[in-house]
Amino acid sequence: MSLLNIFNIAGSAMTAQAIKMNVHAKNLANIDSIINKNGKFYPYIAKQVILKEKNRFEDNIGEVEIDKIIEDPSPCKLIYSPNNPMADKKGYIRTSNVNIITEMVNSISTARNYQANVEIINTVKSMIMKTLNIGQ
């Protein structure tokens, strides 16, 4: 593997982490959102990013890409509020399934992964510059 391939690997990881960070931010921003569709109220459903390795050809071993963005399968929270206009017949309102603690932990992890890939790029760039200066 050449040093230049490392730029592709770290770059693909940084792109994936940036998309993940946007999804986490969207989840946190919509934690209290309610959608009105045809007179029925639906809570915002959290999204999750699924990554996959790019096709395993020799040129791009280790690169990642977004496979898909899916809805979080965890159940929505139910809150008993019989006087709320959004309550069902039993008096419960469904609220978002966004877990603020999980989203914050994932956001921090995503930011650190992005930062680690920036450091990889800086290290490889430094190594290339030192290699070029050997003959001087």
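This is a predicted model: local features need pLDDT of at least 70, side-chain atom pairs count only at pLDDT 80 or more; totals for chains, interfaces and linings use all residues.
View 1. Helix α1 takes in residues 3-29, 27 residues in total. Look along α1 for its buried residues: A10, S12, A13, M14, A16, Q17, K20, V23, H24 and N27. An α-helix has 3.6 residues a turn, so residues three or four places apart point the same way. Among the elements covering the buried residues of α1 are strands β3 (47-53) and β4 (64-71), together with helix α2.

**View 2. S107 on helix α2.** Here we zoom in on S107, which belongs to α2 (residues 100-132). Its relative accessibility is 10%, and because buried means under 20%, S107 counts as buried. Setting aside neighbours within four places in sequence, S107 is in contact with M21, H24 and L28. One of these contacts, H24, is itself a buried residue of α1.

**View 3. The aromatic pair Y80 and Y92.** Searching the whole structure turns up one aromatic pair. The ring centres of Y80 and Y92 lie 5.3 Å apart with their planes at 65°, and since an angle over 60 counts as edge-to-face, that is the class of this pair. Y80 sits in strand β5 (residues 77-80) and Y92 in strand β6 (residues 92-95), so the pair links parts of the chain 12 residues apart.

Conventions:
Residues are numbered from 1 along each chain as its sequence is written. Side-chain values use heavy atoms; hydrogens and water are left out. Helices (H or I, at least four residues) and strands (E, at least two) are DSSP runs, numbered from the N terminus. Buried means under 20% relative accessible area, exposed over 50%, partly exposed in between (1.4 Å probe, protein chains only). Contact means heavy atoms within 4.5 Å. Rings of Phe, Tyr and Trp (its six-membered ring) pair if their centres lie within 6.5 Å; planes under 30 degrees apart count as stacked, over 60 as edge-to-face and the rest as tilted. The expected span of a helix is 1.5 Å times one less than its number of residues.
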